[in-house]
Amino acid sequence: MSSSEHFDSDNENHLDTDIHGNGGSQNIGQTRRKWRGHDKPKWGKSRKEKIEFTKDGLCIVPKDAKLSRYLGSLARTYNFLPLSHTDWRTYKDPIVEKIWKTISDTIDWRPEDIPHIHKIRHTLLKRLAKRVRNNRAELKRKYYTPNVGSPLRFMCGDDRVDSEQWREMNKVEKNVENCKQLKMSHTGGIKSFVRHLAEFEQKHGHTPDPIEAFNLVHKRKDKHKSWIDNASEQMGAKISQELIGLVATHGEETPELRLQAYVTARGFETGGRVRRLWRRCDTRHGALGTADSTNIFNS
């Protein structure tokens, strides 16, 4: 075969022409190059790969590049590693063990590498975890971030990604965004707020007022009773300043003044705000200085 014939054959393999019939005529559209498809490494396909590792689990032969490509392909195997997990550490042990067995079965282990296999395992899985993170970030950069706020964010342009997993990833990313908007955290943990209040009452002999309750779940349990975050510290300082001003005006600190200082600092009630018993309050009540201010407690 001549070089020109070889060139024409290659072009036939890689180029495609759009032809649209219109009556008895043909309109030849623009030629477009066929997509060559996804990269599919041949690592361990026909035989086990001979490779060498150091005592620290590091690969020291040129085949490391091929191994790296293979790990990258595993990171994009979504039936192994679902996109709904935001962190490598959230994958359960059976999944990790299955992945490690898949990697291990492609390697022709040398006897001298067997004693260090735990370090090799740690190193290879760490490399895989990095590729999982990078792949997830790339998918997010290409198909999620440009379409935030649009229905298009639910469609991934990568045909290897399962549509249900992509929707789950959307939910996770939305939760992450919402958490980033959270300005004030608390130290309540998994224990309900009502339990915190009940334990406070059992320990101190009285029900905590709103200021005591706020401090209870926004300060750490260390010896300095430090605030959990800057927003909580600023709000605590604002409540204290309001209380000092009210006491200076009225001359004596009372439960009513403490309640008024708290409400003044935090603003009027909203549908989702938590007050004292951490239940939704009727937004029609709780205004400053009204007789219905007790609704902040009991509504």
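Analyst: Helices (H or I, at least four residues) and strands (E, at least two) are DSSP runs, numbered from the N terminus. This is a predicted model, in which local features need pLDDT of at least 70, side-chain atom pairs count only at pLDDT 80 or more, and totals for chains, interfaces and linings use all residues. Residues are numbered from 1 along each chain as its sequence is written, and side-chain values use heavy atoms, with hydrogens and water left out.

User: How many helices and strands does the chain have?

Analyst: There are ten helices and four strands. Along the sequence they follow the pattern α-β-β-β-α-α-β-α-α-α-α-α-α-α.

User: Which residues of α6 are buried?

Analyst: Buried means under 20% relative accessible area, exposed over 50%, and partly exposed in between (1.4 Å probe, protein chains only). In α6 (residues 193-204), the buried residues are His 196, Leu 197 and Phe 200. They line one face of the helix, because down the axis they fall within an arc of 95°, taken from the directions from the helix axis to the C-beta atoms. Their cover includes α7 (210-218).

User: What is the phi of Lys 225, and where does Lys 225 lie?

Analyst: Most residues other than glycine have a negative phi. Lys 225 has a positive phi, near 50°. Lys 225 sits in the loop between α7 and α8 (230-250) and is partly exposed, with a relative accessible area of 45%.

Notes. The expected span of a helix is 1.5 Å times one less than its number of residues. Contact means heavy atoms within 4.5 Å.
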